[in-house]
Amino acid sequence: VYIDPCKVEKFDCEVYFWLTDDFLEFDSQLYQTISKWLTNSWPFSRIAFPGREISWEKWNSITE
């Protein structure tokens, strides 16, 4: 899991994570867990998940 400062003022941070093919069945559960953890334990309320909540195409267009 990577939590980076966001390049877009609209978001507090941008988050990236991935799983190997052997663990893809846990993708949804991990995504939900990370979202809750960042919202409840960190001072982030506007979290960007590029490639998930925002398409890569749209993300690339707003970060260039």
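Trainee: Let's start with Glu14. Leaving aside neighbours within four places in sequence, which residues is Glu14 in contact with?

Mentor: Setting those neighbours aside, Glu14 is in contact with Tyr2, Ile3, Asp4, Pro5, Cys6, Lys7, Ala48, Pro50 and Trp59. Keep in mind as we go that this is a predicted model. Glu14 itself belongs to strand 2, which covers residues 13-16.

Trainee: Is Glu14 buried or exposed, and which side chain of opposite charge is nearest?

Mentor: Glu14 is buried, yet it has no salt bridge. The nearest side chain of opposite charge is that of Lys7, 4.0 Å away. The side chain of Glu14 does have a polar contact, at 2.5 Å, with the side chain of Tyr16.

Trainee: How many salt bridges are there by this rule?

Mentor: The general idea is to look for a side-chain nitrogen of Lys or Arg within 4 Å of a carboxyl oxygen of Asp or Glu. Here the count comes to two. One joins the side chains of Asp12 and Arg46, with 2.7 Å from N to O. Asp12 sits in the loop between strand 1 (2-5) and strand 2, and Arg46 in the loop between helix 1 (27-41) and strand 3 (47-48), so this pair ties together parts that are 34 residues apart in sequence.

Trainee: And which residue forms a salt bridge with Arg52?

Mentor: That is Asp27, and the closest N and O atoms are 2.8 Å apart. This pair also links distant parts of the chain: Asp27 is in helix 1, while Arg52 is in the loop between strand 3 and helix 2 (56-63), 25 residues apart.

Trainee: Where does Ser35 lie, and why does Ser35 count as buried?

Mentor: Ser35 lies in helix 1. Ser35 counts as buried because its relative accessibility is 18%. Leaving aside neighbours within four places in sequence, Ser35 is in contact with Ile47 and Phe49.

Trainee: Let's zoom out. What pattern does the protein chain follow along the sequence?

Mentor: The pattern is β-β-α-β-α, with two helices and three strands in the protein chain. The C-alpha trace spans about 35 × 30 × 15 Å along its principal axes. Of the 64 residues, 28% are buried. Among contacts with a separation of 6 or more, 48% come from residues 24 or more positions apart.

Trainee: And how much accessible surface does the protein chain have?

Mentor: The accessible surface comes to about 4800 Å², and 52% of that belongs to carbon and sulfur atoms.

Notes:
Residues numbered from 1 in each chain as written. Predicted model: local features only at pLDDT ≥ 70, side-chain atom pairs only at ≥ 80, totals over all residues. Heavy atoms only, no water. Helix = DSSP H or I, 4+ residues; strand = E, 2+ residues; numbered from the N terminus. Buried < 20%, exposed > 50% of the residue type's maximum accessible area, 1.4 Å probe, protein only. Lys, Arg positive; Asp, Glu negative; His and termini not counted. Polar contact = N/O pair within 3.5 Å; in protein donor to acceptor, adjacent residues only side chain to side chain. Contact = heavy atoms within 4.5 Å. Areas by Shrake-Rupley, 256 points an atom, 1.4 Å probe, with all protein chains shown as cover.
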